[in-house]
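Take a look at the model below.

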Amino acid sequence: MATLVGIGSALACGATPRWPEALATVVLALLTHAAVNLHNDWGDALIGSDALNTGRIGPFTGGSRVVQDGVFTPEQLKTAVQMLAIVVTGGGLLLAARSGPGLLLIGLAGLLLGWAYSQPRLALMSRGWGELAVAAGWWLVVVGADFVQRRAFGEIAMIAGVSPALLIAAVLWIAEFPDARADAAVGKCTLVVRLGPVAAAWGFLLLMLAAHGWLLFWWWRLWLPGTAVQALLSLAPGLAAAVLLLRHAREPGRLRPAIVLTLVCAIAHGLLLAGAFLQVLMLR
């Protein structure tokens with residue numbers, strides 16, 4: 001979804017379509033996401049949070065449990081992460097050779113954020129910085145996808161990438177509620193652990209409003225196309241999720257509908273925004 005927003009912003013701004021590079025961007029983003037998720041599972045296995053998590057709402061929270069269920073050992077998981085990192089790095093270098101050195105900066109920043117999120121010595125996820133790191137990482141995906149098509153940094157992508165990134169961070173935020181007890185037991189101080197369930201629920205609502213408010217502001221300022229206003233439709237499931245979260249903040253076992261609505265909000269917002277850019281392209 002994030003790559004589609006970046007590709008769409010570049011094409012709407014007049015970039016020459018480069019479809020092989022666009023496909024490579026999507027594939028590399030997927031592989032990078034897989035590597036980061038596996039690295040996170042490895043980090044959680046080391047500190048023991050997933051093993052203690054009896055309140056998880058599968059498959060949305062509590063990790064994949066491939067270690068806890070005996071599918072892989074932590075060492076095998078780490079090896080898988082290293083193999084994916086090699087593939088992503090090699091593919092990224094080839095793509096940068098065609099697109100320009102600026103893509104290297106974006107890729108290195110993204111890999112650093114993904115590594116620092118779970119790496120035990122830094123563990124941004126345990127210091128209250130994980131949510132910001134996730135938002136920054138997905139913002140970089142939008143900017144990078146735009147760069148590959150445009151061959152330069154684009155202001156429109158930098159603006160358009162903020163709201164999808166914030167909503168993906170909201171997915172992580174609400175998923176932390178069922179995991180909060182296990183996280184706190186091993187010293188994994190996510191924002192939900194730090195703030196407590198009620199304050200964190202209000203923070204989730206503010207994040208939801210900030211994401212859509214950001215898009216509305218830049219649409220009003222004419223930096224985003226007129227069609228971008230359609231992405232505000234995602235506010236409906238987002239607000240519904242926030243209401244459910246406020247109602248059941250202290251009852252995380254009842255948050256499955258709220259988590260699903262948050263996912264619907266984030267995905268719909270990104271697809272509607274990408275569609276808005278596509279409509280600009282089709283109207284030319």
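Does D146 count as buried or exposed? D146 counts as buried, at 0% relative accessibility. Buried means under 20% relative accessible area, exposed over 50%, and partly exposed in between, with a 1.4 Å probe and protein chains only.

A word on the basis. This is a predicted model, in which local features need pLDDT of at least 70 and side-chain atom pairs count only at pLDDT 80 or more, while totals for chains, interfaces and linings use all residues. Residues are numbered from 1 along each chain as its sequence is written, and side-chain values use heavy atoms, leaving out hydrogens and water.

D146 has a partner. R150 forms a salt bridge with D146, with the closest N and O atoms 2.8 Å apart. A salt bridge here is a side-chain nitrogen of Lys or Arg within 4 Å of a carboxyl oxygen of Asp or Glu. Both residues lie in helix 6 (residues 130-150), four residues apart, about one turn of the helix. R150 is partly exposed, at 24% relative accessible area.

By this rule the count comes to five salt bridges. One of them joins R98 and E21, at 3.0 Å from N to O. This pair links distant parts of the chain: R98 sits in helix 4 (residues 74-99), E21 in helix 2 (residues 19-47), 77 residues apart. R98 counts as exposed, at 55% relative accessibility. E21 counts as buried, at 5%. Another salt bridge pairs E251 with R254, the closest N and O atoms being 3.4 Å apart. Salt bridges that share partners also join E21, R98 and R151 into one network.

Now the charges as a whole. The chain has 18 positive and 13 negative side chains, and the centres of the two sets lie 5 Å apart. Lys and Arg count as positive, Asp and Glu as negative; His and the chain ends are not counted. Each charge is placed at NZ of Lys, CZ of Arg, CG of Asp or CD of Glu.

Next, the fold. The chain has 12 helices and zero strands. Helices (H or I, at least four residues) and strands (E, at least two) are DSSP runs, numbered from the N terminus. The C-alpha trace spans about 55 × 40 × 25 Å along its principal axes. Of the 284 residues, 47% count as buried. Residues 24 or more positions apart account for 73% of the contacts with a separation of 6 or more, a contact being heavy atoms within 4.5 Å.
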